[in-house]
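User: Could you walk me through this structure? I would like to start with how the pieces pack and then turn to single residues.

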Amino acid sequence: MAVSTARIPPSKGIPEPLTDFSQDIAEHLVAAARELGRAAGRLRFSPPVAHVYNPLDYAWAAHEQYLRKFARAPKRVVFLGMNPGPFGMMQTGVPFGEVAVVREWLKIEAEIGRPRREHPKRRIQGLSCPRSEVSGSRLWGLFASEFGSAEAFFERHLVVNYCPLVFLEDSGRNRTPDKLAMAERLALGRVCDAHLAEVIRLLRPQWLIGIGGFAVGRARLLAGETGPRVGQILHPSPASPAANRGWAVAARKQLRELGVWP
């Protein structure tokens, strides 16, 4: 099925300055995420994509809770991922949302629904999912070891994903956004770029850190010359031999060399 030709409505402007950080930033981020989910959900994708999951729809309650709990003020550092993993945000609605981390460290509890068309090999089990998302476990494990509590980490940091959608092939294999057809990538990019621009405008980060090559490429495009400084850390995916040789040590070293962490 081809990409829908419906015109994607322009992103709504965010009023500045924001005076009540505790309420206005969270409210605007929630509204922006809701708009991202709706706009991305209107897009259509062709084979080999067979199923598209939108956690900003069926797992909205958890994502909204994440933003309202941890995104109430400007952040010094925003970490940017690519799109949801099959046992992370796809299950929990939280970026890199490994189930145990979401329940025990972030202390998020929410009812998770189901997408309209589920792949039989990729059922949504929500916060009861027994599988661990290795990327999420590594990422949040680093933050927990560095800062101790979630509250200490989120005082100056936030984690977001560039794309909210999960793309599955007939086999159940995950297909990443960079592997989509060109027209589909462009349509998706317009929606996701508009949202990321609003995130930057609202949170006013000093640093935008791409988790992996795809994310840092989008970060550089959106940051421009007057935006936040852009850096990159190694993606924590178990598919990466480099990540499997000691991801936390490598990522901490990269962040310190950049000057993001002391």
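**Packing around the sheet**

Analyst: Helix H6 lies across S2, S3 and S5, and runs at about 175° to S3. Please keep in mind that this is a predicted model.

User: Which strands make up the sheet, and in what order?

Analyst: The sheet is open and has 4 strands in the order S3-S2-S5-S6, with parallel pairing. S3 and S6 (229-233) stand at the edges with a single partner strand each, so one side of each has no neighbour in the sheet. On average, neighbouring strands are turned by 25° against each other, direction ignored.

User: How many bridges join S2 to S5?

Analyst: There are 4 bridges between S2 and S5 (residues 207-211), and the two strands run parallel. One of the pairs places phenylalanine 79 with isoleucine 209 of S5.

User: And what about S2 with S3, how many bridges there?

Analyst: S2 pairs with S3 (residues 157-161) over 5 bridges, again in the parallel sense. Phenylalanine 79 has valine 159 as its bridge partner in S3, and glycine 81 stands opposite asparagine 161.

User: Is S2 enclosed or open to the outside?

Analyst: S2 (residues 77-81) is largely enclosed by the rest of the structure, because 5 of its 5 residues are buried. Both of its faces are covered: Val77, Phe79 and Gly81 are buried on one side, and Val78 and Leu80 on the other.

User: S3 is at an edge of the sheet. How many of its residues are buried?

Analyst: In S3, 5 of the 5 residues are buried, so this strand is largely enclosed by the rest of the structure.

User: Let us change topic to single side chains. Where is histidine 119?

Analyst: Histidine 119 sits in the loop between H5 (99-104) and H6 (134-147). Its relative accessible area is 3%, so this histidine counts as buried.

User: What does its side chain reach?

Analyst: A polar atom of the histidine 119 side chain lies 2.6 Å from the backbone oxygen of aspartate 170. Leaving aside residues up to four places away in sequence, histidine 119 touches His51, Tyr53, Leu168, Glu169, Asp170, Ser171 and Gly172.

User: And asparagine 83, buried or exposed?

Analyst: Asparagine 83 counts as buried, because its relative accessibility is 11% and the cut-off for buried is under 20%. Asparagine 83 is placed in the loop between S2 and H4 (89-92).

User: What lies around asparagine 83?

Analyst: The side chain of asparagine 83 reaches the backbone oxygen of leucine 165 at 2.9 Å. Beyond residues up to four places away in sequence, asparagine 83 touches Asn161, Cys163, Leu165, Val166, Phe167 and Pro177. Among these, Asn161 is the residue of S3 that stands opposite glycine 81.

User: Now the backbone. Which peptide bond is cis?

Analyst: The bond from proline 47 to proline 48 is cis, with omega near 15°. Proline 48 belongs to the loop between H1 (21-41) and S1 (49-53).

User: What is the phi of arginine 204?

Analyst: Arginine 204 has a positive phi of about 50° and is likewise not a glycine. This arginine lies in the loop between H8 (182-203) and S5, and counts as partly exposed at 41% relative accessibility.

Terms used: Residues numbered from 1 in each chain as written. Predicted model: local features only at pLDDT ≥ 70, side-chain atom pairs only at ≥ 80, totals over all residues. Heavy atoms only, no water. Buried < 20%, exposed > 50% of the residue type's maximum accessible area, 1.4 Å probe, protein only. Polar contact = N/O pair within 3.5 Å; in protein donor to acceptor, adjacent residues only side chain to side chain. Contact = heavy atoms within 4.5 Å. Pairing = 2+ DSSP bridges. Axes fitted to C-alpha atoms, helices over the stretch in contact; angles between N-to-C directions.
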